[in-house]
Amino acid sequence: CDETLNLSQGLTGLDNLGNTCFMNSALQCLVHAQTVCAYFAGGTYEQDILEKSPMGGQLAENFAKVCGGIYQQPSFSSVNPSVLKDVISRWAPQFTGFNQQDAHELLRFLLDGLSEDL
C-alpha cells in the first residue's frame with residue numbers, strides 16, 4: 001500500500017468462510033487501493049472514528065484489522081475475516097449466513113458503512 005513496500009507484501013488471501021468469495025473479492029479490491037490501504041493499515045483512520053455513528057466505529061475497526069493483517073502476514077498465507085463478517089451481518093442482515101451474495105451489494109454496504117463510521 002505504500003510505494004516503499006516490498007512487492008511481496010499484500011500477497012495474502014482471505015479464508016473462505018463458506019460461499020464468501022464475493023466478500024473476499026470485494027475486500028481485496030478495497031484493501032489493495034493504495035489510498036485506502038495507507039489510511040487503514042497505517043492507523044490514520046483511528047482519529048476519524050465517529051463513535052456516535054450507528055455502528056460505533058465497529059466496521060472501520062474490523063476492516064482495518066483485516067487490511068493490516070493482509071499486509072502484516074507472511075506472503076501466501078491467509079487472514080480470517082470472520083469477525084468482520086459478523087459485524088457486516090449484524091448491520092446488513094442480507095449477508096447473514098454463508099450463501100453466495102452479490103459482491104457489488106457488499107461493496108456498496110462497506111463504502112456506505114465506512115463513510116458513516118468516519
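## Helix 1 and its buried side

In helix 1, the buried residues are F22, M23, N24, A26, L27, L30 and V31. Here, buried means under 20% relative accessible area, exposed means over 50%, and partly exposed lies in between, using a 1.4 Å probe and protein chains only. Helices are DSSP runs of H or I with at least four residues, strands are runs of E with at least two, and both are numbered from the N terminus. An α-helix has 3.6 residues a turn, so residues three or four places apart point the same way.

What do the buried residues of helix 1 pack against? Their partners are strand 1 (13-14), helix 2, helix 3, helix 4 and helix 5.

Before going on, note that this is a predicted model, in which local features need pLDDT of at least 70 and side-chain atom pairs count only at pLDDT 80 or more, while totals for chains, interfaces and linings use all residues. Residues are numbered from 1 along each chain as its sequence is written, and side-chain values use heavy atoms, with hydrogens and water left out.

## Helix 1 meets helix 5

Follow helix 1 (residues 21-31) to helix 5 (residues 103-117): their axes come within 9 Å and cross at roughly 50 degrees. That angle makes helix 1 oblique to helix 5. The axes are lines fitted to C-alpha atoms, for helices over the stretch in contact, and angles run from 0 to 180 degrees between N-to-C directions. Angles under 35 degrees count as roughly parallel, over 145 as roughly antiparallel, 65 to 115 as roughly perpendicular, and the rest as oblique.

Which residues meet here? From helix 1 come F22, M23, S25, A26, L27 and L30, and from helix 5 come A103, L106, L107, L110 and L111; contact means heavy atoms within 4.5 Å. By class, this contact has 10 nonpolar residues, one polar and no charged. Ala, Val, Leu, Ile, Met, Phe, Trp, Tyr, Cys and Pro count as nonpolar, Asp, Glu, Lys and Arg as charged, and the others, Gly among them, as polar.

## Helix 2 crosses helix 3

Now look at helix 2 (residues 34-41) and helix 3 (residues 58-72), whose axes come within 8 Å and cross at roughly 105 degrees. The two helices are therefore roughly perpendicular to each other. On the helix 2 side, V36, C37, F40 and A41 take part, and they meet A60, F63, A64, C67, G68 and Y71 in helix 3. These residues divide into nine nonpolar, one polar and no charged.

## Helix 4 and two buried side chains

In helix 4, L84, K85, V87, I88 and S89 are buried. Their cover includes helix 1, helix 3 and helix 5. S89, in helix 4 (residues 82-91), has a relative accessible area of 13%. Leaving aside residues up to four places away in sequence, S89 touches F95 and T96.

N62 lies in helix 3 and is buried too, with a relative accessible area of 12%. Beyond residues up to four places away in sequence, N62 touches V83, L84 and V87.

## Cysteines without a bond

How many disulfides does a search of the whole structure find? It finds zero; a disulfide is a pair of cysteine sulfur atoms within 2.5 Å. For C29, the nearest cysteine sulfur is that of C21, 13 Å away. C29 counts as exposed, at 56% relative accessibility.

C67 counts as buried, at 0% relative accessibility.
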